[in-house]
Amino acid sequence: MTFIFKRIAIIGTHDNPAVAKTVEYLAHTLIERSARIYLESDTARSLDCRFGDGYGLKSIAKHCDIAVVIGGDGNFLNAGRNLSLISEIPIIGINRGKLGFLTDINPDQINTRLFDVLEGRYQQEQRFMLQAFIKSESTPSEKTVALNDIVIAAGQHSRLFQMHVHIDGRYAFDQRADGMIIATPTGSTAHALSAGGPIIHPGLDALVMVPMFSHSLNSRPIVLSADSDIEIHIGEYNNPEPSLSFDGHMKLQLFPGSTVKLHRCPKSVTILHPLDYDYFHSLRSKLHWGKMLFP
């Protein structure tokens with residue numbers, strides 16, 4: 001069979017020899033199959049531009065039929081978030097990282113599972129993102145988007161601070177804690193899980209708020225509708241200077257009186273999986289989740 005995706009982007013991390021090896025193999029193999037490849041510019045430079053100078057993400061999003069991301073989940077998150085803000089290009093991941101929750105094809109499966117997808121045999125799903133607006137009296141307003149999570153965490157002083165939380169325009173609760181994680185179902189198996197949050201199936205239109213080391217025995221994660229509007233006001237307690245990060249990137253400084261407004265982003269990420277992809281198998285294999293104690 002021939003590929004139904006004719007123009008294929010390849011995006012890899014830039015300082016990992018194992019990733020470069022997989023990128024080069026995939027590029028040669030696709031060219032042999034008469035596919036048109038578009039290497040992302042930094043990825044091309046990591047291969048000394050042997051396949052050309054490469055293309056920026058804007059050009060890839062506008063001109064390619066699919067993007068193949070090689071690396072770990074962090075690289076996949078970054079590519080998916082940035083590409084989806086420009087177009088609805090689908091993405092698929094080859095795992096060269098550690099956990100590989102999102103990059104679910106192994107490098108030795110390129111000629112089988114990946115090519116099956118490129119030939120049109122795949123599952124497709126949409127993953128929604130979170131959007132945050134940050135307003136402070138002392139700094140310009142900021143806007144961020146996250147596929148995994150948005151985290152408000154204690155800054156350099158690492159001490160408790162107070163947050164006043166409103167949900168859908170109604171006062172919900174105050175929280176004294178080291179921070180707060182607001183995660184999508186995609187991010188529920190990341191930082192939120194390590195902080196005691198629940199695993200949320202990616203098919204659910206829900207998000208979760210997980211307090212970080214709350215100064216209360218009654219503090220618990222709360223699962224909300226994905227369409228909820230959340231407003232978090234940073235209180236004066238402890239004169240805090242927490243930071244905000246999205247998908248682990250670009251920390252933004254917050255101050256007493258700063259307000260963070262979060263809601264569902266109108267853009268979503270289109271992810272392709274092989275036909276045999278099974279979310280629960282991923283949980284069992286990646287997290288050793290739900291394994292029987294006895295044979």
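Visitor: Over how many bridges do strand β5 and strand β16 pair?

Guide: Before we count, please note that this is a predicted model: local features need pLDDT of at least 70, side-chain atom pairs count only at pLDDT 80 or more, and totals for chains, interfaces and linings use all residues. Residues are numbered from 1 along each chain as its sequence is written, and side-chain values use heavy atoms, with hydrogens and water left out. Strands are DSSP runs of E with at least two residues, helices are runs of H or I with at least four, both numbered from the N terminus, and two strands pair if DSSP finds at least two bridges between them. Strands β5 (residues 122-135) and β16 (residues 259-274) pair in the antiparallel sense, and the number of bridges is 13.

Visitor: Which residue in β16 is the bridge partner of Leu-130?

Guide: Strand β16 also pairs with β13 (residues 230-234), antiparallel and over 4 bridges. In that pairing, Ile-232 stands opposite Val-260. For Leu-130, the bridge partner in β16 is Arg-264.

Visitor: Which residue forms a salt bridge with Arg-264?

Guide: A salt bridge here is a side-chain nitrogen of Lys or Arg within 4 Å of a carboxyl oxygen of Asp or Glu, and in this one the closest N and O atoms are 3.3 Å apart. The pair links distant parts of the chain, 59 residues apart, with Arg-264 in strand β16 and its partner in the loop between α6 (191-194) and β11 (206-212). Arg-264 is partly exposed at 27% relative accessibility, a class that lies between buried (under 20% relative accessible area) and exposed (over 50%), with a 1.4 Å probe and protein chains only. The partner, partly exposed at 48%, is Asp-205.

Visitor: How many residues apart in sequence are the parts that Asp-247 and Arg-81 tie together?

Guide: These two side chains meet in a salt bridge of 2.6 Å, N to O. Asp-247 lies in the loop between β14 and β15 and Arg-81 in helix α4 (residues 73-84), so the parts tied together are apart in sequence by 166 residues.

Visitor: Is Asp-247 buried or exposed?

Guide: Asp-247 sits in the loop between β14 (243-246) and β15 (249-253), and its phi is near 50 degrees, a positive value in a residue other than glycine. For context, most residues other than glycine have a negative phi. With a relative accessibility of 10%, Asp-247 counts as buried.

Visitor: About how many degrees is the positive phi of Asp-168?

Guide: Asp-168 is found in the loop between β8 (161-167) and β9 (170-177), and it is partly exposed, with a relative accessible area of 48%. Although Asp-168 is not a glycine, its phi is positive, at about 55 degrees.

Visitor: Which strands stand at the edges of the open sheet?

Guide: The sheet has 6 strands in the order β12-β11-β10-β7-β14-β15, with antiparallel pairing. Its twist averages 20 degrees from one strand to the next, where axes are lines fitted to C-alpha atoms (for helices over the stretch in contact) and angles run from 0 to 180 degrees between N-to-C directions. Within it, 4 bridges join β7 (residues 149-153) to β14, and Val-151 has Ser-245 as its bridge partner. Having a single partner strand each, so that one side is left without a neighbour in the sheet, the edge strands are β12 (222-225) and β15.

Visitor: How many disulfides does the structure hold?

Guide: Cys-64 is buried, with a relative accessible area of 8%, and Cys-265 is buried at 4%. A disulfide would be a pair of cysteine sulfur atoms within 2.5 Å. The number of disulfides in the structure is 0.
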